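Thanks for coming. Please have a look at the slide.

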Amino acid sequence: MDTLLYWVAIPMVANIFLIFFVILSLRRLMRRLEDEAVHKAVDRVLASLAPLVDQARNLSMAFDEQLREKQRLIHSLNENLDRRITALSLMVNRAEATLKSAESQRHNSESMDLQGAVLDLADQGRDAERIARELAVSPGEVSLILDLKRKLDALSR
């Protein structure tokens, strides 16, 4: 009976191993089929995305070129502005120098006019206080002009 058990048990164990092996093989096959299906789905998605990626790459390159062009334009504008600012600064400096010169000449002219008016009024016989009131200047300034005139007259004699 041991041999009978041996001859019945061995084929049963072998059948169990074969069934187990077939089940494992079927699972692997299913995984591969699933993997292949997934790979095919991924390939389809990638194939549909490839034109979009190419388009995005082309757009980014065009955008990059436009950005460089804008930077060149900004650089050029900055240089032009710097030149104009420098030119305007020179013009302002020249205008200020001209204005100072004109003010100096006007001041000298006003001083000469004031001296002439003081001397004319003094020749008419007015005193220093009255001349100062009439010309709206300080009495000390009128006195100074009259004193300088007297000293010049004394030196020229």
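The salt bridges come to 9, where a salt bridge is a side-chain nitrogen of Lys or Arg within 4 Å of a carboxyl oxygen of Asp or Glu. This is a predicted model, so local features need pLDDT of at least 70 and side-chain atom pairs count only at pLDDT 80 or more, while totals for chains, interfaces and linings use all residues. Residues are numbered from 1 along each chain as its sequence is written, and side-chain values use heavy atoms, with hydrogens and water left out.

One of these bridges pairs Asp-64 with Arg-68, with 2.5 Å between the closest N and O atoms. Both residues sit in helix α1, residues 2-123, and they are 4 residues apart, about one turn of the helix. When I say helix, I mean a DSSP run of H or I with at least four residues, numbered from the N terminus; strands would be runs of E with at least two. Asp-64 has 30% relative accessibility and therefore counts as partly exposed. For accessibility, buried is under 20% relative accessible area, exposed is over 50%, and partly exposed is in between, with a 1.4 Å probe and protein chains only. Arg-68, at 41%, is also partly exposed.

Now to Glu-134. Which residues does Glu-134 bridge to? Arg-126 is one partner, the closest N and O atoms being 3.2 Å apart. Arg-130 is another, again with 3.2 Å from N to O. Glu-134 and Arg-130 are both in helix α2, and because they are 4 residues apart, about one helical turn separates them. Arg-130 is partly exposed at 39% relative accessibility. Elsewhere, salt bridges that share partners link Asp-64, Glu-65, Arg-68, Glu-69 and Arg-72 into one network.

Next, the helix pair. The axes of α2, residues 128-135, and α3, residues 139-156, come within 8 Å and cross at roughly 120°. Axes here are lines fitted to C-alpha atoms, for helices over the stretch in contact, and angles run from 0 to 180 degrees between N-to-C directions. The two helices are therefore oblique to each other; under 35 degrees would count as roughly parallel, over 145 as roughly antiparallel, 65 to 115 as roughly perpendicular, and the rest is oblique.

What do the two helices bring to the contact? From α2 there are Ala-128, Ile-131 and Ala-132, and from α3 there are Pro-139, Val-142, Ser-143 and Leu-146, with contact meaning heavy atoms within 4.5 Å. That set divides into 6 nonpolar residues, 1 polar and no charged. Nonpolar covers Ala, Val, Leu, Ile, Met, Phe, Trp, Tyr, Cys and Pro; charged covers Asp, Glu, Lys and Arg; the others, Gly among them, are polar.

Last, the loop between α2 and α3. Ala-136 lies in it and has a positive phi of about 60°, although it is not a glycine. Is Ala-136 buried or exposed? Ala-136 is exposed, with a relative accessible area of 70%. Ser-138 is in this loop too, and at 38% relative accessibility Ser-138 counts as partly exposed. From Ser-138 to Lys-151 the separation is 13 residues in sequence and 20 Å in space, C-alpha to C-alpha.
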